[in-house]
Structure formats: C-alpha cells, structure tokens
Amino acid sequence: AVTVTVQTGPLYRLGRITIDGAVPPDAAARLGLAKGQPAVASDVLAAGARLLTALREDGYALATVDPPDATQDPQHHTIDVTFNAAAGRRATIGPIDLAGLSAVNEDFVRRRLLVRSGQLYQPSKIDAARQDLAAIGVFSSVTASAGTGIAPDGGIPITYSFQERPAHAVGLTGAYSTDLGGSLTATWSDRNLFGNAEQLNLSAAGTGVGGSDVKGLGYGVNAQFLKPDFLRRDQTLEFDAAALKQDLEAYDQQAVSVGASLRRKLSPRWTVSVGLSAEQATITQEGVTRDYTLLAVPVTAKYDSTGLANPLTDPTHGSRVSFTVTPTQSLGRKSSTFAILQATGSTYLDLGHYWFGTEGRSVLALRGLVGSVAGAGQFELPPDQRFYGGGSATVRGFKYQSIGPLFPDNNPVGGTAIDAGTVEFRQRLFGDFGVATFADAGQVSADNAPFSGTLRVAAGVGLRYYTPIGPVRLDVAVPLNRPPGGDRFEAYLGLGQAF
C-alpha cells in the first residue's frame, strides 16, 4: 500500500519586482506582473520573455534579459524578483540583401517587400515580410536572418534567403459521384511565366462517365493567366478562357467564354473583385435549341477568417462569406437585362477545443446559400443562368439540378431563386481517419423569392482519410422526400471537404 500525503505550506506571493539595467522607463509595465499575485514560476519566466520581446519590438535589437533572480522572504511569505536586463542601442533596418533568386526578378521581390531600410528594427514586421513573400507561390522556402551587430549608422543588415519552386507543375485529379459520374482533369501550370510570379494554368477535363444525371460525355478546357501586383500591391489581374460541353438532364450545352477581372486584397480577410465576361452558348432544353450571347459584369466581395491559404486544407475555425452581384445582358432574338444576386457562407466551430481539449478533432460546420434573379422571369433567362438545387454544392442526396420546378417529363426547368443550408459534424478518429454526419436542405422556386417552393431534405454520413494535401472524402446521402424520378441515394468521392 502506498499513501501520498501533500502539505502545501503557505501560499507565497510576489513582493518587490525590480529591473536592473538600462531599459526604457515603461519596461516594468511590459512584464505583466503585479505585486501580490501568486508567485507562480511559469508566470515569472514568461514575464522575462515578454520583456525581451517588447524591447526588441521597440527597436532594441540586441537587448538581453537574463533569467530572473528570486529571493524568498519566509516571514512575509513573499518572493522578490529581479530581472537583469540591458536594452542596448536602438537600431533600424540596414541594407536588405536578397539571396538565392534565379528565375524570379529581384525588382519584383523588392517592390513586394513590406520592410524598407531605415525603418525601426522590429522582428515581427521582418517576419511578416518573410511570410508575405512565401505566400506568393513561387518559393518553397523563405528565411530571414539579421546581422550580429549594429553599424555606426544605427542599422542592422537583413538577409532574405529564397529557395525557388520548380517553374512547372503537372497534376492529375479525379472525382466521382453517382449523379454526375466520373471526371478526370489534367492540369499544367507555369508558376513564374515572365519572372514576376505570373501564373499560366491550363486544364482539360473529361466529364459525365456513368452518372445518373448525364446523358453523354462532356469536356471542359480552361486557360487562366494571373498577373500579381498589377498597378499596385495586392491587386491581381486575371484573364480566363474556357470551352465546355455537357449533356445533362436539365439541358445540353456547348459554350465558349472569355473574361477578365481585377481582384484587390483589402485586408487579410476581405477581398473584392470586378470583372467583365462574355459567353457564346448553344443550349438545347426539351428539344428546343437556342443560341445565347451573354455579357456580364460580376462584382464580388469575399470575407475569410479561417486563415487557410490552401482551399483543400481542412478548416476548423472561422468563417467564409461571399457576396456576388452579376448584371448581365443577354443578346439575340430575345434580348433581356437581368442581375443575379447570390450570397454564400460557411462557418466552422472547433467543439473539441472548447469542450474536450482536442484541437481540431471535433468540428461543427455550417453552410448557407441564398440567391435570386432581378429583372427577368424564369423563361427569360438562358437555362444555364437559372438556379438549380441538388448535388454536392447544395443538397447532397438529390441528383444534380433535380431540385426545383420540373417539366411534365420530370426534367429540371430551373428557377429564379434558391436557398440551401447544411449542418455537418466532423470527427477525427484514429490515425488519419475520420467520419462525418450531415443534413442538407434546400429549395428552388420560379417566383424570384428565396425561401419558397418545395423544401427538399437529405441526411447522410461520410468517411474521411486525411492526407498532406487535404482529406479524401466519401459521402453517402439519402433524400428524405425525393421528387419523381429521383435517385434513392447519392454517393460522392473527391478530394477536400464538401465546403
């Protein structure tokens, strides 16, 4: 038998808190300690680290703070603490050297730098500049190192060292769902086309292999060019060109499109864009074939507080919201002017962090979508501009485009308003495996007003296998009130979460 007896003794509190050495007058306030608080060793050690960080952020680049000296006063049950610190000389950023650049132009990197020679030396800003350069997409690593001494002019030299990524990348991706069938996409990218981090992305996809909602094979060919820092920092010019063919239950379509947009990052969370696009399409619906020429001016505002640069990375906290207004002019035998308004959002709650102390393992994910058309009725819109519900992006368990008004033969008509929502719980299990349970609901109507029409609801479960590039997702969903001709269930296999 083992008996453990604990005698805590008296509680000791902090007595005198002293800083010895040449430091700024406000240094004591940077410690974050107060006389009379419990003398917890970890709090005292953390205070020394806070003081050192604060001194260096104030430009005292070579400041030192020694481990604290503690003196016990048994009579009063106090601990007196002394920090020996030396601020030294205040410094600025001296010459900035860029090492390791080869294919990337040095002028582009220098324009991109968030720090300049002559600024106050602050480690946080030097590292923020490093992270910003690493996020451009052309470097596999970026490191920052400082000189060991202060020059007579008060500057400390900084060196940013780069390792460039391979200029070209080739990718092959596939996905499968029981409604849209299988798809295979090949991509080729040039990450640094002209030496200033310009991107050229080319892709070709084959679609519609074996799906219940497709009547034949389709294809998609896309070209995208991105010019970063166009005219100003954090502003990207984008050109797109695409051709596609798809044979769906709702309609058959062959189309080509071109577009240009200007995207500006207003803050780490807010991004806005405005564009101009043109589309020429031939669409057959219910045996009637029409040609459409569309000119559109999409305007978008996006908010993202998840802190994730890679869309395949599994989000565990924060929110994503997007607002889009697309004024459109349809030219042809029946010209019309209309605007498509759409808002989407998702939010992620890390339940494991709040309840179980397991960061990122138990996540509640919520998704919502609301859209409406202004200025045109149901049949004044080209079929590909109408709203359709069903599928992985709206309501899983229902065939792609199957929710909403139907023709007498039960083929989708498309509507002028949509709303949809999802509640999904994601749980990490052993190793790299996880599971998910979810419920989706949505409706599409022809009266231009969301939250009207027949509400369709589905429920499902999913399996996740987490990889370094994102989770492999398998979802199976069952409709709880399926429409005429609907499938009994749908399955979805792909890379990345549904949202």
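The dialogue below sets values against definitions.

Tutor: This is a predicted model, where local features need pLDDT of at least 70, side-chain atom pairs count only at pLDDT 80 or more, and totals for chains, interfaces and linings use all residues. Residues are numbered from 1 along each chain as its sequence is written, and side-chain values use heavy atoms, with hydrogens and water left out.

Student: Why is the contact between Arg 112 and Asp 132 called a salt bridge?

Tutor: The term needs a side-chain nitrogen of Lys or Arg within 4 Å of a carboxyl oxygen of Asp or Glu. Arg 112 and Asp 132 meet at 3.0 Å, N to O. That is within the limit, so the label holds. The structure holds 25 salt bridges.

Student: What makes Arg 112 and Asp 132 a tie between parts of the chain?

Tutor: Arg 112 lies in helix α3 and Asp 132 in helix α4, so the pair joins parts that are 20 residues apart in sequence. Helices (H or I, at least four residues) and strands (E, at least two) are DSSP runs, numbered from the N terminus.

Student: Is Arg 112 buried or exposed?

Tutor: Buried means under 20% relative accessible area, exposed over 50%, and partly exposed in between (1.4 Å probe, protein chains only). Arg 112 has 10%, so it is buried. Asp 132 is buried too, at 15%.

Student: Which class does Arg 130 fall into?

Tutor: Arg 130 counts as partly exposed, at 23% relative accessibility. Its salt-bridge partner is Asp 127, with the closest N and O atoms 2.8 Å apart. Asp 127, at 30%, also counts as partly exposed. Both residues lie in helix α4, three residues apart, about one turn of the helix.

Student: What makes Lys 215 exposed?

Tutor: Its relative accessible area is 56%, so the label is exposed. Lys 215 meets Asp 252 in a salt bridge at 3.3 Å, N to O. Asp 252 is partly exposed, at 23%.

Student: Which residues touch the most other members of the largest nonpolar core?

Tutor: A nonpolar core is a set of buried Ala, Val, Leu, Ile, Met, Phe, Trp, Tyr and Cys residues joined through side-chain atoms within 4.5 Å. The largest core has 24 residues, and Val 109, Leu 113, Tyr 121, Leu 133, Phe 139, Tyr 160 and Phe 162 touch the most other members. The elements that give two or more residues are β5, α3, α4, β6 and β7. The largest share, four residues, comes from β7. A second, separate core of 18 residues includes Leu 14, Ile 79, Phe 83 and Ala 87.

Student: How do you know that β6 and β7 pair?

Tutor: Two strands pair if DSSP finds at least two bridges between them. β6 and β7 have seven, in the antiparallel sense. Val 142 stands opposite Phe 162 in β7.

Student: Why do β5 and β6 stand at the edges?

Tutor: Three strands form an open sheet in the order β5-β7-β6, with mixed pairing. β5 and β6 each have a single partner strand, so one side of each is left without a neighbour in the sheet.

Student: Why is the pair Tyr 251 and Tyr 388 called tilted?

Tutor: Rings of Phe, Tyr and Trp (its six-membered ring) pair if their centres lie within 6.5 Å; planes under 30 degrees apart count as stacked, over 60 as edge-to-face and the rest as tilted. The rings of Tyr 251 and Tyr 388 have centres 6.0 Å apart and planes at 55°, so the pair is tilted. Tyr 251 is buried, at 5%, and so is Tyr 388, at 12%.

Student: What makes Tyr 348 and Phe 499 stacked?

Tutor: The planes of Tyr 348 and Phe 499 are at 25°, with 6.3 Å centre to centre. Tyr 348 lies in strand β18 and Phe 499 in the segment after β24, 151 residues apart. At 3%, Tyr 348 counts as buried. At 12%, Phe 499 counts as buried as well.

Student: How many aromatic pairs does a search of the whole structure find?

Tutor: It finds eight. Phe 430, Phe 433 and Tyr 465 form one aromatic cluster.
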